[in-house]
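Please keep the sequence and the structure open while reading.

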Amino acid sequence: MTFVTSDKQRFLTTLVGLVLMVLMVAWPTTAPAASAADKTAPAVKAPAPTAGSGTVDFKVRYANIKGTKAPVAEASLKADKKYKVAFMVKNVVNPFWKAARKGGDDAAAKYGVTVAHYAPTQADNVPEQTRLVEDIIVKKDADALVWAPVDFRAQVALAEKANTAKLPIFNFNSKLAGGEIVTFAGTDDFAMGKGIIDYMQKVLNQKGNIIILDGVPGATTAELRKQGMLEELKKYPNIKVVAHQTANWSRAEALRVTENLLQSQPNVEAIVCANDEMALGAVAALDSAGKAGKVKVTGVDSTPDALVAVKEGKLFASVDYSAYVIGYKSVEFAVRYLNGEKIPEQIYLVDYRIVDKTNVDDAIANRKKIGVMK
Amino acid sequence: MIDIRQLLFSLSRVLALLVLCAAVAVVAPAFLSSQNLVNVLRQASLMIILATGLTAVILTGGIDLSVASLLALAACFSGMLMTEGIPWYLAALAALGLTTFCGLINGLMIAVVRLPAFIVTYGMLWIAQGFAVLVASSEVFYGFPPPFLFLGRGYLFGIPMPIVFMTLVAAAAWTLLHRTPLGREIYAMGANPDAARLSGIDVKTNLIKVYTASGFLAGLAGLILTARMNAASAEVSADQLLPAVAAVVIGGTSLFGGEGGIRGTVVGSLIMTVLINGMNLLNISPFWQLTAQGTVVIVAVLLDQGARALERRGEKRRPKVGSRPEASVGLPVEPTSAVSN
């Protein structure tokens with residue numbers, strides 16, 4: 001084949017490109033999106049969560065605590081030495097982690113230890129958090145590691161490294177899928193996911209179209225909340241999930257995703273989000289579509305501005321579980337362990353409750369009391 | 001006389017966009033609703049504003065990796081000032097001033113100190129992100145005054161404000177690049193830096209101007225996004241930089257400088273946005289969304305390079321007088337094929 005002019009050739013190559021682009025857009029729709037994702041799943045994810053049962057296969061081991069001293073009352077607890085506690089969270093942008101750090105700081109001040117705070121500079125970045133933990137291990141910079149892992153499966157090897165180096169892990173918020181930890185403090189995210197749907201089915205009278213926005217794939221909290229929601233939804237066949245996407249915990253991304261989804265799903269009654277940042281992004285999208293308050297948006301975390309939005313009637317509800325308490329408890333457990341105490345409970349779960357217009361004032365007062373809201 | 005083939009070719013990216021739109025509309029009829037089209041334009045606005053600054057930078061043969069972080073810095077800084085009770089217009093001006101200043105620093109380091117643009121702006125990426133995090137200190141600022149929110153949520157004669165800003169920015173940039181000596185000098189600098197310098201172009205000043213403008217536009221985008229969300233946090237920088245660079249490249253601007261233009265960038269941004277919008281409308285899994293975006297970028301550049309290679313071969317066979325910059329040693333040339341798309 002001979003080409004006569006260059007313009008024609010450029011035109012042809014562009015045409016080929018068009019066809020490719022069209023194929024790319026059109027092709028995945030030939031199979032339902034969900035099944036397409038399922039097919040790719042075994043290739044990218046190592047141990048898949050047991051579907052249906054709704055629980056992630058946690059192979060985490062709890063350390064055999066050799067402490068001999070009986071635990072002292074919290075009021076009289078003091079560190080025997082000025083231990084150094086490394087406090088590792090997932091990012092420096094979400095107010096949730098700020099509350100957790102405040103809890104850790106308050107516990108440290110009370111029990112007489114020092115806390116050093118760490119977080120990846122890029123939010124929820126697994127390699128960066130891994131490097132930070134490795135540094136702590138190599139430099140023997142801490143007596144205990146209080147840690148919320150970004151990826152509960154990918155960072156099991158890192159937990160094992162810490163185990164080998166005899167750095168005790170006090171896992172919080174996001175439970176690891178393996179390795180050995182001393183304690184876990186968090187909430188039951190699976191039960192929470194179920195609880196959110198149970199709450200919404202009452203609000204929606206067991207029928208209606210809803211959108212679900214998930215957190216970062218690979219985060220325990222995202223995974224378990226999603227599974228809990230889907231499990232509970234089985235009971236209510238008239239509640240239809242018309243769209244189910246991730247917005248990666250991010251407000252800006254949720255804004256965009258919601259704007260787009262509202263176009264194809266104008267008759268949606270509720271948007272259920274796995275955290276407040278995404279919920280507030282959805283609220284912003286509804287705001288610019290003139291639908292604020294008409295679509296019921298729910299989030300998780302009860303961050304300060306989420307509570308304000310609940311009070312204003314823009315956000316319908318937010319699940320409250322205390323980041324402050326799990327941060328506080330993790331440092332307390334570290335002190336007890338390092339003191340050689342027997343720890344009364346190796347799994348510490350805080351309750352969650354749903355904050356809506358009826359109890360938002362109470363939640364705000366509570367936040368102000370512990371100093372994480374002005 | 002208008003050459004039909006020339007015309008068709010100059011419109012090929014627009015055609016690509018139209019075919020993409022048609023494809024999405026077939027599988028997701030909601031796409032064509034006027035509401036959704038406005039929605040697409042509004043979402044493309046931020047990317048176009050960021051990408052406009054980047055286009056000018058890339059035309060000189062440089063790169064500005066700091067735009068997304070500057071966007072976050074403007075968001076957090078203006079958010080903090082407003083939360084402290086500073087009037088919204090002063091807060092907005094201060095934030096714009098700050099990012100413009102950061103852009104100026106970029107330009108000075110590159111033009112005067114002569115450090116590589118990649119390194120300088122990469123450093124600025126972290127500096128600005130660091131400041132944004134410091135300013136926000138894990139807070140989310142929220143609850144801004146209505147006149148400020150108007151910048152992101154308001155309508156002017158029925159047109160959403162982000163689209164108004166985007167149109168103004170793109171039109172100004174187009175005029176600047178194609179109707180002023182500065183614009184021609186920018187192209188010449190990218191096409192052949194040495195020739196440009198030898199022919200008396202003030203390369204230093206121009207570089208400083210371009211990076212400063214990029215900083216200003218990043219700040220503007222940050223303010224608009226803050227107003228749209230009615231919230232500011234350091235997190236907003238995520239996923240802004242690379243799509244903007246991709247939009248410029250898909251639009252046909254060469255990463256080596258000297259070729260391309262604003263029209264291509266606008267179309268490139270729209271292609272990226274329509275793609276994402278379509279995939280959201282179709283409820284496609286996030287794994288596929290990322291894969292599709294990445295593939296589009298590579299395919300677009302591949303096609304562009306292939307087309308350029310073919311064009312060069314074609315020209316050897318059938319030289320057109322005055323069609324290449326070499327014909328007049330780079331200056332002042334309206335780059336033909338490059339600008340036309």
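Contact here means heavy atoms within 4.5 Å. The model is predicted, so local features need pLDDT of at least 70 and side-chain atom pairs pLDDT 80 or more, while totals for chains, interfaces and linings use all residues. Residues are numbered from 1 along each chain as its sequence is written, chains are lettered from A in the order in which they are written, and side-chain values use heavy atoms, without hydrogens and water.

**Nonpolar cores**
- F148(B) is in contact with M82(B), W88(B), A92(B), L223(B), T226(B) and A227(B), leaving aside neighbours within four places in sequence.
- A nonpolar core is a set of buried Ala, Val, Leu, Ile, Met, Phe, Trp, Tyr and Cys residues joined through side-chain atoms within 4.5 Å, where buried means under 20% relative accessible area (1.4 Å probe, protein chains only).
- The largest such core has 174 residues, and F172(A), I49(B) and F148(B) have the most contacts inside it.
- With 14 residues, α11(B) gives the most to this core.
- Apart from it lies another core, of 35 residues, including V295(A) and I364(A).

**Helix α5 of chain B**
- Helices are DSSP runs (H or I, at least four residues), numbered from the N terminus.
- Among the buried residues of α5(B) are A91(B), T99(B), N106(B) and I110(B).
- Their cover includes α4, α6, α7 and α11 of chain B.

**T258(A)**
- T258(A) lies in helix α8 (residues 251-264) of chain A and counts as buried because its relative accessibility is 2%.
- Beyond four places in sequence, T258(A) is in contact with L213(A), I271(A), A282(A) and A285(A).

Definitions and conventions. Helices (H or I, at least four residues) and strands (E, at least two) are DSSP runs, numbered from the N terminus. Buried means under 20% relative accessible area, exposed over 50%, partly exposed in between (1.4 Å probe, protein chains only).
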